[in-house]
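Colleague: Could you take me through this model feature by feature, giving the general idea before the particular case?

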Amino acid sequence: MADARLVIARRAAAELRAGEIVNLGIGIPTLIPDHLGTDTEVFLHSENGILGVGPRPVDGEIDADLIDAAKRPVTALASASYFDSAQSFAMIRGGHVDVAVLGALQVSHAGDIANWAVPGRDVLGVGGAMDLVVGARRVIVTMTALSSSGEPKVVARCSYPLTAAAAVDVVITEQAVFRRREGRLVLTELLDGASVDDVRRSTGGELAVALELL
Amino acid sequence: MPARVVSLDEALSHVHDGDTILCGGFGLVGAPMSLLDALAERSTARDLTVVSNNIGEPGRGLGALLRQGRIRHGISSYFTSNPEAVAAVNSGTITATLLPQGTFAEAIRAGGAGLGGFYTPVGAGTALAAGKEQRELDGRLQVLERPIRGDVALVYADRADELGNLSYRKTARNFNPLMATAATITIAEVGALVPVGSLDAEAIHTPHLYVDLIVVRDG
């Protein structure tokens with residue numbers, strides 16, 4: 001089996017279309033640009049105030065005033081623009097960002113997402129997560145099928161505090177792609193040699209499977 | 001009134017016990033570090049409410065004030081970037097208001113723009129809407145968010161002219177232009193001070209009417 005994170009990032013890259021405005025969350029989404037085809041130029045928006053994030057800088061190219069939302073140094077494309085945080089989130093809430101790709105702790109069959117807080121732990125950082133899942137036109141969740149403790153992350157109902165209800169359009173794990181159809185997540189594609197039964201075993205609740213996979 | 005160029009000490013004399021301090025920066029990028037260092041080292045103002053996307057980093061920026069026990073309340077979207085701030089909230093040393101980052105930004109914008117608040121779908125139906133008015137508008141549940149204003153805003157700009165027109169650089173802009181609009185006194189720390197007329201008028205992000213005092217960054 002291939003590295004789960006790479007399987008997920010490669011498949012997520014295939015969801016993006018040339019010219020789209022894309023916001024990438026931390027973790028697996030940051031691997032996506034490496035897997036975009038040369039004919040799929042997208043424009044990366046980072047909520048700290050830049051449209052047109054370029055590749056990571058090489059040594060000597062680092063600019064202390066140029067970071068992404070994960071606070072890593074980045075470069076800017078020739079087409080880049082800078083703006084303040086209110087405008088950046090107006091872009092997000094206003095539906096001007098085509099796609100948000102981000103991780104999650106849990107996604108329910110209804111497309112509810114929990115990705116900012118774990119009960120009983122610190123719930124003191126939400127950042128832009130709620131704005132992105134509510135505002136982006138398409139929300140793609142990239143996450144491993146199971147948590148580090150072996151629990152399914154696609155669940156019948158989220159037990160963790162919600163980030164937003166009915167917000168997720170696509171879920172990509174190392175085993176499968178799920179799409180929200182008529183308000184419910186449906187398994188639509190198997191990845192990296194996984195079977196429907198494999199996916200069923202690592203999914204909470206009753207799995208809905210697309211007709212084409214049966 | 002044109003802005004005045006002042007020393008760090010004079011600037012800090014405007015920060016008083018119990019004040020609400022608006023502070024620019026995303027993490028420490030674009031944060032007014034000379035003002036914050038001086039506030040920690042040379043001012044005694046305490047019982048402060050700080051409004052900033054993050055509460056600095058451990059011992060740095062607002063994190064230095066936190067260590068000194070001078071922060072009473074924090075309003076932020078991401079306390080998590082300073083584990084000491086998280087610990088201070090959990091131990092009850094400070095109280096916290098957590099807002100989604102876009103709501104946080106817009107609330108400050110609204111504060112500076114004379115608005116009474118706004119409805120947003122972000123956070124509606126979640127734990128962060130607890131205690132807030134929620135209503136369905138245009139078929140979506142939305143939450144009423146109130147504006148944020150402060151007594152003093154501390155911002156950082158790459159360049160200022162002698163009147164107080166400010167120009168920011170790259171992603172160091174972030175919350176600074178918003179904070180500059182929403183306080184009774186706005187103090188701008190600037191990387192360079194230039195004569196009036198030498199900033200491109202098209203590239204002035206914060207017109208001088210928002211700025212009261214200018215301090216040139218140390219070093």
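**Reading a helix, a core and an interface**

Modeller: Let us begin at a helix end, where A:Asp3 caps the N-terminal end of α1(A), with a side-chain oxygen 2.8 Å from the backbone nitrogen of A:Arg5. This is a predicted model, in which local features need pLDDT of at least 70 and side-chain atom pairs count only at pLDDT 80 or more, while totals for chains, interfaces and linings use all residues. Residues are numbered from 1 along each chain as its sequence is written, chains are lettered from A and ligands numbered from 1 in the order in which they are written, and side-chain values use heavy atoms, with hydrogens and water left out.

Colleague: Which residues of helix α1 of chain A are buried?

Modeller: Helices (H or I, at least four residues) and strands (E, at least two) are DSSP runs numbered from the N terminus, and buried means under 20% relative accessible area, with a 1.4 Å probe and protein chains only. In α1 (residues 4-13) of chain A, the buried residues are A:Val7, A:Ile8, A:Ala9, A:Arg11, A:Ala12 and A:Ala13. Their cover includes the strands β8 (138-142), β10 (170-172), β11 (176-181) and β12 (184-190) of chain A.

Colleague: How many residues are in the largest nonpolar core, and which have the most contacts inside it?

Modeller: In soluble globular proteins, nonpolar side chains tend to be buried together. A nonpolar core is a set of buried Ala, Val, Leu, Ile, Met, Phe, Trp, Tyr and Cys residues joined through side-chain atoms within 4.5 Å. Here the largest has 74 residues, and A:Val171 and A:Phe178 have the most contacts inside it. Its largest share, six residues, comes from helix α2 (residues 33-42) of chain B. A second, separate core of 33 residues includes B:Phe26 and B:Ile108.

Colleague: How much area do chain B and chain A bury between them?

Modeller: Buried area is the accessible area (1.4 Å probe) that two parts lose on being put together, summed over both. For chain B and chain A this is about 2900 Å², 64% of it on carbon and sulfur atoms. In chain B, B:Phe26, B:Lys170 and B:Thr171 lose the most area to chain A, together 22% of what that side buries.

Colleague: How many salt bridges does the rule find across this interface?

Modeller: A salt bridge requires a side-chain nitrogen of Lys or Arg within 4 Å of a carboxyl oxygen of Asp or Glu. The rule finds four between chain B and chain A; B:Arg169 and A:Asp63 form a salt bridge at 2.6 Å, N to O.

Technical notes:
Buried means under 20% relative accessible area, exposed over 50%, partly exposed in between (1.4 Å probe, protein chains only). Contact means heavy atoms within 4.5 Å. A polar contact is a pair of N or O atoms within 3.5 Å; within protein, one must be able to donate a hydrogen and the other to accept it, and residues adjacent in sequence count only if both atoms are side-chain atoms.
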